[in-house]
Amino acid sequence: MKNKLRRMLKPTNQESEQSQAIEKTSEQTVDTKTANEQAAWIEKGADILTFEDEWIVRIDQRYNLADSHGHRTFGAGYESLQLPHPPLALDVPLEQIIFFDTETTGLRGTGTTIFLMGFARFEQGELLMRQYFLPHPHYEAAFYHHFLTDIGEDVRFVTYNGKSFDWPQIKTRHVFVRERVPRLPKVGHLDLLHVCRRIFKGLSDSYRLTAMEEQIGFERADDLPGFLAPMHYFQYVEHQNPSIMDGVLEHHLHDCLTLVSLYDECNHLVTHRKEVSPRIGENIAVWLADLGINEQSVEHFHQVNDLSAEGWLRQGLLFKKMQDYQQAVPCFEKSKTFRGYIELAKWAEHIAKEPRLAYDYTEQAKQLLEGQVLLTTRRERLTAELTHRSNRLQRKCQE
């Protein structure tokens with residue numbers, strides 16, 4: 001009986017041949033489909049890069065330095081990178097500086113995949129724009145192998161919110177393929193989101209990259225919104241038609257080119273003090289002061305004709321830090337803020353040794369504090385501190 005069952009379960013030669021034929025046909029179909037997919041990319045001018053059994057797409061475009069993105073030429077950006085200005089200086093050769101951006105399938109988490117990344121980089125007297133596209137989610141080893149090989153072991157990223165999003169996401173995905181690809185490079189980072197928030201503070205309702213493009217005079221036409229990029233990628237994975245990704249690739253290309261022009265624009269504002277508006281000049285001066293670049297901060301403050309109350313206060317604090325009370329005192333007075341008068345009270349009591357004047361300044365600070373919109377706990381704390389100071393100064397005046 002057992003032998004009979006074995007004979008019944010054992011496939012015939014004919015069945016075995018049919019199974020092999022089906023597998024062979026299936027492999028041929030997959031190979032043909034992949035060949036057609038790759039051919040479509042090559043027709044668009046892309047390169048097909050392989051690694052082990054995987055492949056990805058790389059697209060290169062080159063621009064002359066006379067070309068522009070908005071009202072800034074790439075040649076101006078090339079020169080900007082070589083200027084010695086501490087807030088935006090990058091301490092590596094030009095070819096190691098990349099203006100970098102990614103497109104992902106989501107915003108956070110290990111399930112989020114980067115399917116498009118690329119950079120603009122100056123090399124051989126022109127600007128290279130290079131994009132890497134992941135045609136199938138399981139080809140990440142090839143994706144990171146070629147990207148990391150191209151950028152080298154020491155690189156400086158210029159990004160927009162890349163310090164908290166793009167680079168951490170790369171590190172997360174790299175973990176899954178790190179045994180097969182080069183290690184992550186030594187990285188320096190300049191995030192233009194934080195730069196723009198400092199320079200254009202109070203001048204914009206939004207600090208999204210597309211909003212900042214107004215500063216460089218660039219306007220996108222028929223742009224694909226970034227939030228639609230994942231949907232297009234999923235459609236591509238299903239249909240393998242490169243045309244599905246046209247809008248995503250163009251959107252990503254503009255993101256990278258905008259970083260080049262925006263970097264140059266910010267540099268220009270920092271280095272050409274006489275050409276900036278009073279608000280931008282004040283913002284830059286405050287930013288430099290926060291970075292401890294005191295001499296340049298003073299120069300920027302002096303170029304501003306009309307400082308705000310906060311601007312006078314910050315200039316006064318800068319001179320105080322430099323122990324230049326002769327210039328600090330007028331700044332605090334012009335600020336007409338309770339914080340300014342607190343600083344004046346400190347100066348009068350401890351530096352000028354005039355308790356009566358210090359008392360008057362303290363009382364003025366208390367009056368100015370009454371008109372401020374503050375958290376209740378902070379108001380109570382400040383009121384208590386000023387009352388304590390007034391009582392102490394009164395006793396000093398009576399001695």
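Strands are DSSP runs of E of at least two residues, numbered from the N terminus. In this predicted model, strand β5 provides the largest share of the lining of the largest pocket, namely four residues.

The largest pocket has a volume of about 780 Å³. Its lining is made up of 25 residues, and those closest to the pocket centre are Glu103, Leu107, Gly226, His251 and Asp255. Besides β5 (97-104), the elements that give two or more residues to this lining are α7 (209-212), α8 (229-239) and α9 (246-271). By class, the lining of the largest pocket divides into 10 nonpolar, seven polar and eight charged residues.

A helix pair can be taken next. Helix α6 covers residues 192-199 and helix α10 covers residues 278-290; their axes come within 8 Å and cross at roughly 120°. Angles of 65 to 115 degrees count as roughly perpendicular and those over 145 as roughly antiparallel, and α6 and α10 are therefore oblique to each other. On the α6 side the contact is made by Val195, Arg198 and Ile199, which meet Ile280, Asn283, Ile284, Val286, Trp287 and Asp290 in α10. This contact has six nonpolar residues, one polar residue and two charged residues.

Salt bridges complete the picture. The structure holds 26 of these salt bridges. One of them joins Asp150 to Arg58, with the closest N and O atoms 3.0 Å apart. Asp150 lies in helix α4 (residues 140-151) and Arg58 in strand β2 (residues 54-64), so the pair, 92 residues apart, links distant parts of the chain.

Notes
Residues numbered from 1 in each chain as written. Predicted model: local features only at pLDDT ≥ 70, side-chain atom pairs only at ≥ 80, totals over all residues. Heavy atoms only, no water. Axes fitted to C-alpha atoms, helices over the stretch in contact; angles between N-to-C directions. Parallel < 35°, antiparallel > 145°, perpendicular 65-115°, else oblique. Contact = heavy atoms within 4.5 Å. Nonpolar A, V, L, I, M, F, W, Y, C, P; charged D, E, K, R; others polar. 1 Å grid on protein atoms, 1.4 Å probe; cavity = no way out; pocket = protein on both sides within 12 Å on 5 of 7 lines; lining within 4 Å. Points joined across faces, edges and corners; volume = space filled by probe spheres on them. Salt bridge = Lys/Arg side-chain N within 4 Å of Asp/Glu carboxyl O.
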